[in-house]
Amino acid sequence: MAPGQPALGYRSQGGGDRTGPAHWGSPLTTLACSSGPGAAAVARELLLAALEDLSQEQLKRFRHKLRDAPANQRSIPWGRLEHADAVDLAEHLTHFYGPEPALDVARKTLKRADVRDVAARLKEQRLQSELRVGGRRVPAPSPPPVRVVQPRSLPASLENPQSNPGFGLFIPNSRAPRLGPWEFLTQTFHCAPPFSGSSMPVVFPGLGRSSSALLSVSEYKKRYREHVLREHAKVKERNARSVKISKRFTKLLIAPESAAAEQVLGLAEAAERERARRSDTHTFNRLFRRDREGQRPLTVVLQGPAGIGKTMAAKKILYDWAAGKLYQGQVDFAFFLPCGELLERPGARSLADLILDQCPDRGAPMQLILGQPQRLLFILDGADELSLLDPREARPCTDPFEATSGERVLGGLLNKALLPSARLLVTRRAAAPRRLQGCLCSPQCAEVCGFSDKDKKKYFYKFFQDEWRAERAYRFVKENETLFALCFVPFVCWIVCTVLRQQLELCQDLSRTSKTTTSVYLFYIASELNSALTVNGPQVREQLLKLCRLAREGVLGRRAQFVEKDLERLQLRGSKVQRLFLIEKELPGVLETEVTYQFMDQSFQEFFAALSYLLEEEESPRAAADGVGTLLRGDPQLRRHLVLTRRFLFGLLSAERMGDIERHFGCAVSERVKQEALQWVQGQGCPPAALEETLGLQDVEEPEEEEGEELSYPLELLYCLYETQEDTFVRQALSGFRELVLERVRFSRMDIAVLSYCVRCCPTGQALRLVSCSLAAAQEKKKKSLVKRLQGSLGGSSSSRTTMKQLPASPLCPLFEAMTDQQCGLSSLTLSHCKLSDAVCRDLSEALRAAPALTELGLRHSRLSEAALRLLSEGLAWPQCQVQTLRLQVPGLQGAFQYLVGMLQQSPALTTLDLSGCQLPDSMVTYLCAVLQHPGCKLQTLSLASMELNEGCMQELRAVKTAKPDLVIIHPALDSHSAPPTGFSSAL
């Protein structure tokens, strides 16, 4: 050994040389020797590893056996165990019994649950993690031998260790990932790479203490976690303010796709396990939990509309993982990959390059990290950008060290051609194009539902921090029902709070804040530019126009990042609008750092793009060549990409917003764009013959086709009209539609608000058809106390009629209230293949009593209860009810038809009843025939097609026809019947 050179050994976590076993033992060893949180963490990991090996049936049996497994005469309450998954059980066991007793209880319970192989593995893993034998410490084992390697010749960077402190992980240039650390060392030194899993240190003689490199993934993992915590501790807000992520992040509602899909129209409550959960650590841990078949998903998709908080949630997941709160013992490294930035980055790069960009230095042990892909988590933010990939890039990348385009690297991760066992967390906007959906490999989807009402209030108090201002701002927004509803989107909530803070600081009237997304964005931009416009109006207006052109170019060209040449071309470098609305970012390049610019949020780029069409002078060549027709009638492949821009455009076309633009920016707005947009909407109305072919409305029992973007297109049109908030314009636009058809739509609360507004403004003779629609998952609600639940179940003394009146308003209540507006011209409503709750039928019944124009109601293949049918019958019998035609086809409920039949002798307007496909018992047919002959029955046409009737029933029907010859009864078994009235059809 050279004089002065330290003895060969290994380093402690602090970096010094030691002769103890702190490093060479299992990672569990150090924790097992400690008490407190360390021992609890070890126990949780051991328990979680064991419980995750159980199938759903085995886990259920384990919970039941655990209920009867007391330790010290104590057992975990069944209320905590009943719906607990593996993560919950590991936490409950450790917390309730303590670390070591929890392992004993779990092992014994596994045996009693007849899962002895898992119990044996748990015992073995526990023994491996312990350093106690017979109650005393085992002497520290000697460290493993150190492998000394002799260099052939040292590179200059290695001869000067100070220039390369991470020498053992040295990467000589930007292409180094193609040459992994061990390949590099093998070529530099006469040695072979260590065997898999070895933590044997490699010491290079003559390099001194600073260069004795221990290529340990566990050490670098700790270093990387600390780096992530430093880099992501604060997030930049859109106005460049930095705030702590833990202070600003407010929990969102996240619902599993299965729960959201199973909701029925108007369902008042759902099972607790199916409700949307708040996005806390517990919910994030559940994202990768095993399904009912015991399979763990490797791809989880968080989807939701723009600004809902998907990116913030993804960054919070990364931060919580680095803080040791998520996926412990399962994920060693997590990497955040923003798809938009990576796709626009020039040059070829490998996955290893992208990972190194996120590391604290270029010395990551890349070969060792990528050698265990099952321990990696990749967070792909904004995967919608991959929906329109170049077909030439269809062949995905399979080699993590292959330098290629970003499309191939990201595509390889998505379809599992690259690192197939790695975990993926993907964020995308809702209703992603089918091509992107097809790229994903067995994804498990979850819907980001935004803020609940309670979370909105929390966000206001976190934002303002001053309690008085927070309370005043929140109270104002709460009283503005529409604005309060919009705040379920976190980004809109941030804009509203920012505008209100400015108004409070300037002592302005809060009522100036408007109620649509477009108006909120416009007011925010006007507030930011107000002082600059006052000082130098013409120059700022010119800058604003150029900024809008830049945004339009980016939206139509699918670009979110701009380089300095783009700003110089439009003379925006250093301008006021650049400092306010563009964010400067530095991206690592091949030779030097590249500076790029992007809008403070993607939605702002889309807003400015829409604003450009109104600020463009009508006689300019650009307005003619690149007018609004390009946005409205552009490439159908870009339809989904341009959704938000079109919404903003229609919002800006209202008379009130056009006046705001002229007042704030001093720009005259032409009516030409508004007329062109109106004609475009009217042209979207299909002729009756083409309607079913276009919207897929064939008469099928159960539609099986997946929801595609074409099916939700009518709802997108309604969103555009809603943004205008101009009743006359909406009524003119809808005059081009014979029937509004929404098929296989999962309605959110905002969807219902949009539909309700358009129904309120619909012209006379309009029809609305909802086919196979459902509601998004209900918000999380507190469980009722045991006393209230018992009161509800034992309240048999009160009548069911009183119970129905006490039902809370259904989510469809705004739609039904819109039908009662005196300006509403809706004449026909059809609900097909929908599950209707009692609350929905109660609210619909109320609407039937007051709807001024509704003359036709259809319920086909719709499930409803006996009580619901009775409520509808009461509404139809109301003296002011205008319904003349009722088409009904519901399964079962033969006995409940007595309410409907009894209604016939009281209904003031009903003249046509279509019961095609229903099945009535003989006694009900007898009752029907008696009611038909009642003097109060005004029925003129009765259709019983496809109904099976015996000869006795047929005789009774013939007697009715004899008594009332003007009554048309349609049934194939009748000897003769009059032809159905002109235009009558039993099809819905």
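Asp332 is in contact (heavy atoms within 4.5 Å) with Lys221, Trp321, Gln372 and Arg375, leaving aside neighbours within four places in sequence. This is a predicted model: local features need pLDDT of at least 70, side-chain atom pairs count only at pLDDT 80 or more, and totals for chains, interfaces and linings use all residues. Residues are numbered from 1 along each chain as its sequence is written, and side-chain values use heavy atoms, with hydrogens and water left out.

Asp332 sits in the loop between helix H14 (310-322) and strand S12 (333-338). Helices (H or I, at least four residues) and strands (E, at least two) are DSSP runs, numbered from the N terminus. The Asp332 side chain makes a polar contact with the side chain of Lys221, at 3.2 Å. Such a contact is a pair of N or O atoms within 3.5 Å; within protein, one must be able to donate a hydrogen and the other to accept it, and residues adjacent in sequence count only if both atoms are side-chain atoms.

Buried means under 20% relative accessible area, exposed over 50%, partly exposed in between (1.4 Å probe, protein chains only).

| Residue | Relative accessibility | Class |
|---|---|---|
| Asp332 | 10% | buried |
| Cys445 | 7% | buried |
| Cys834 | 1% | buried |

The whole structure has zero disulfides (cysteine sulfur pairs within 2.5 Å). The sulfur of Cys834 is 5.3 Å from its closest cysteine sulfur, in Cys773, so it is too far for a bond.

Phe608 touches Ile525, Leu544, Leu547, Cys548, Ala551, Phe581 and Phe599, not counting residues up to four places away in sequence.
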